[in-house]
Amino acid sequence: MSKVVLVTGANSGIGLALCERLLSHDAEGLQLCLACRNMQRAQAARSALLASHPRAQVALLQMDTSSISSVIAAAQEVKLRYNRLDCLYLNAGIMPNPQFDIRAFFRGLFSSRVVSMFATAEGILTQKDGLTADGLQEVFTTNLFGHFVLVRELEPLLCHAGLTSQLIWTSSSNAHRSAFSMGDIQHRRGTQPYSSSKYASDLLSLALNTHYNKRGLYSSVICPGFVMTSLTYGILPSFPTFLWTLFMPIFWLIRILTNTFTLTPYNGAEALFWLFKQKPESLDPQAKYHSLTSGLGRNYTQARRMDVDLHTSQDLFEKLLQLETEVDRVCSSAADGRTAYSTTCL
Ligand SMILES: NC(=O)C1=CN([C@@H]2O[C@H](COP(=O)(O)OP(=O)(O)OC[C@H]3O[C@@H](n4cnc5c(N)ncnc54)[C@H](OP(=O)(O)O)[C@@H]3O)[C@@H](O)[C@H]2O)C=CC1
Ligand SMILES: CC(C)=CCC[C@@H](C)[C@H]1CC[C@H]2C3=C(CC[C@]12C)[C@@]1(C)CCC(=O)[C@@H](C)[C@@H]1CC3
């Protein structure tokens, strides 16, 4: 029986490279569904995949993870099209308006934390976040909450007696506990919404395992390493893309120090692809699976323990459930024509 796999943010970067790798592994035994916000870009990605795998089954789904109504509509469509989902990749993500602290970068270069700075970007990156049309924080909603709502909506397709399914989150080694606050899960008040949203996805994955393992659903988290994609190019917007290419020899040298410089989307998708081939029951719910590339260019996956605990993960899960109920209430009162209030108070 063919496996049904849905990938969010599949039209570019790591998501698209993953689709290519999945099809190269098993073009005919998969029903691949690319969930994207922009259908033109989605169509281009589908054509590229079909050019190298003409017999593959590749479907498209319109979904904007920053819009809760779009996520709910997309989930309804999935439920009409498929009767089960084997693997759901929660990969779409943004890092808007990044501010790169050059001084901190040069200080870091000549300090003992140089390797960790290149691996995690700790202390050198902040972002300016915005609000979605629903009044939620944009990074939180796109990277985490939209995906949470998607998982909840797709529960009937993911939880089947006697069968297992997988959730696989594209997190980051930029996920730091210090950037996340349980009193401000959307990160309204801080300057590191990206790090906060990725730390929250690490916590949420653990909580999802606690709640859903008994129903056959398993969740894992990966870090693709540092990959050259449009997300990365956005960090130095005044830098033309070709200048990044000129830095490649330096990056290859850095790769000798830290194998986290995977650099290409193909390498970055290593852990995503590796997890797909594992038995979900055999995976460690407290581990983050890192895509790594050695100095000689060998790709491998390594599990590293995450800085998460069950109690905090459970607290976050409950807060997300509350937020889901609130958003639902606001949306239905707006649909009824009653006065809708902004979700900024949530
Ligand atoms: N590049 C890196 O070094 C690292 C990346 N990551 C993570 O990897 C994931 C993939 O990013 P990457 O491939 O690098 O970057 P890209 O920008 O190439 O890919 C991001 C994908 O997410 C999609 N997306 C963004 N916002 C939304 C939305 N609201 N609804 C639906 N889709 C959306 C984008 O669609 P569109 O084309 O329409 O913008 C795009 O397809 C992200 O979660 C990122 O945080 C983690 C660690 C390192
Ligand atoms: C131009 C030169 C010579 C160096 C580039 C320095 C930084 C732009 C670069 C160093 C470490 C990188 C990094 C990321 C972005 C670009 C850097 C800050 C990430 C934050 C990208 C997104 C992630 O999720 C992280 C895992 C990356 C960590 C490393």
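Me: What makes H6 mostly covered?
Reply: Count its buried residues. In H6, 13 of 16 residues are buried. Buried means 20 or more other C-beta atoms within 10 Å of the residue's own; 12 or fewer is exposed, anything in between is partly exposed, and the C-beta atoms are placed from the backbone. The model is predicted: local features need pLDDT of at least 70, side-chain atom pairs count only at pLDDT 80 or more, and totals for chains, interfaces and linings use all residues. Residues are numbered from 1 along each chain as its sequence is written, while chains are lettered from A and ligands numbered from 1 in the order in which they are written.

Me: How do you know where helix H6 bends?
Reply: By comparing two axes. The bend at a residue is the angle between the axis fitted to the seven residues ending there and the axis fitted to the seven starting there. At leucine 144 that angle is about 40°, in a helix that covers residues 138-153.

Me: How many helices and strands are there, and what makes a stretch count as one?
Reply: The protein has 14 helices and 10 strands.

Me: Why does the radius of gyration agree with a compact globule?
Reply: The rule is 2.2 Å times the number of residues to the power 0.38, with the radius taken over C-alpha atoms. For 346 residues this gives a value near 20 Å, and the protein has 20 Å, so the two agree. Along the principal axes, the C-alpha atoms fill a box of roughly 60 × 50 × 40 Å. Buried residues make up 45% of the 346.

Me: Which strands stand at the edges of the open sheet, and why?
Reply: Start with the order of its eight strands: S3-S2-S1-S4-S7-S8-S9-S10, with mixed pairing. Strands S3 (57-62) and S10 (299-305) each have a single partner strand, so one side of each lacks a neighbour in the sheet. The twist averages 25° from one strand to the next. Two strands pair if DSSP finds at least two bridges between them.

Me: What makes S9 and S10 a pair?
Reply: Seven bridges, in the antiparallel sense, with S9 at residues 287-293. Tyrosine 289 has alanine 303 as its bridge partner, and alanine 287 has arginine 305.

Me: How do S8 and S9 run, and how many bridges join them?
Reply: S8 (residues 217-223) and S9 run parallel, joined by three bridges. Cysteine 223 has histidine 290 in S9 as its bridge partner.

Me: Why is S9 called largely enclosed?
Reply: Six of its seven residues are buried, so the rest of the structure largely encloses S9.

Me: Which residues in the largest nonpolar core touch the most other members?
Reply: Leu18, Cys19, Leu32, Leu34, Ala35 and Leu272, in a core of 88 residues. Membership needs a buried Ala, Val, Leu, Ile, Met, Phe, Trp, Tyr or Cys, joined through C-beta atoms within 7 Å. Cysteine 19 is in contact with Val7, Ala10, Leu32, Leu34 and Leu49, leaving aside neighbours within four places in sequence. Contact means C-beta atoms, placed from the backbone, within 7 Å.

Me: What makes the phi of alanine 121 worth a look?
Reply: Alanine 121 has a positive phi, about 60°, although it is not a glycine. Most residues other than glycine have a negative phi. Alanine 121 sits in the loop between helix H5 (114-120) and strand S6 (125-127). With 22 other C-beta atoms within 10 Å, alanine 121 is buried. Leucine 263 also has a positive phi, near 70°. Its place is the loop between helix H11 (248-257) and helix H12 (265-268).

Me: Is leucine 263 buried or exposed?
Reply: Buried, because it has 20 C-beta neighbours inside 10 Å.

Me: Why is serine 116 called partly exposed?
Reply: Serine 116 has 16 C-beta neighbours inside 10 Å, so it falls in the partly exposed class. This serine lies in helix H5. Serine 173 is 57 residues away in sequence, with 9.7 Å between the two C-alpha atoms.

Me: What makes histidine 311 exposed?
Reply: Its count is 7 C-beta neighbours inside 10 Å, so histidine 311 is exposed. Histidine 311 is in helix H14 (residues 310-335).

Conventions: Helices (H or I, at least four residues) and strands (E, at least two) are DSSP runs, numbered from the N terminus. Axes are lines fitted to C-alpha atoms, for helices over the stretch in contact, and angles run from 0 to 180 degrees between N-to-C directions. Two residues are in contact if their C-beta atoms, placed from the backbone, lie within 7 Å.
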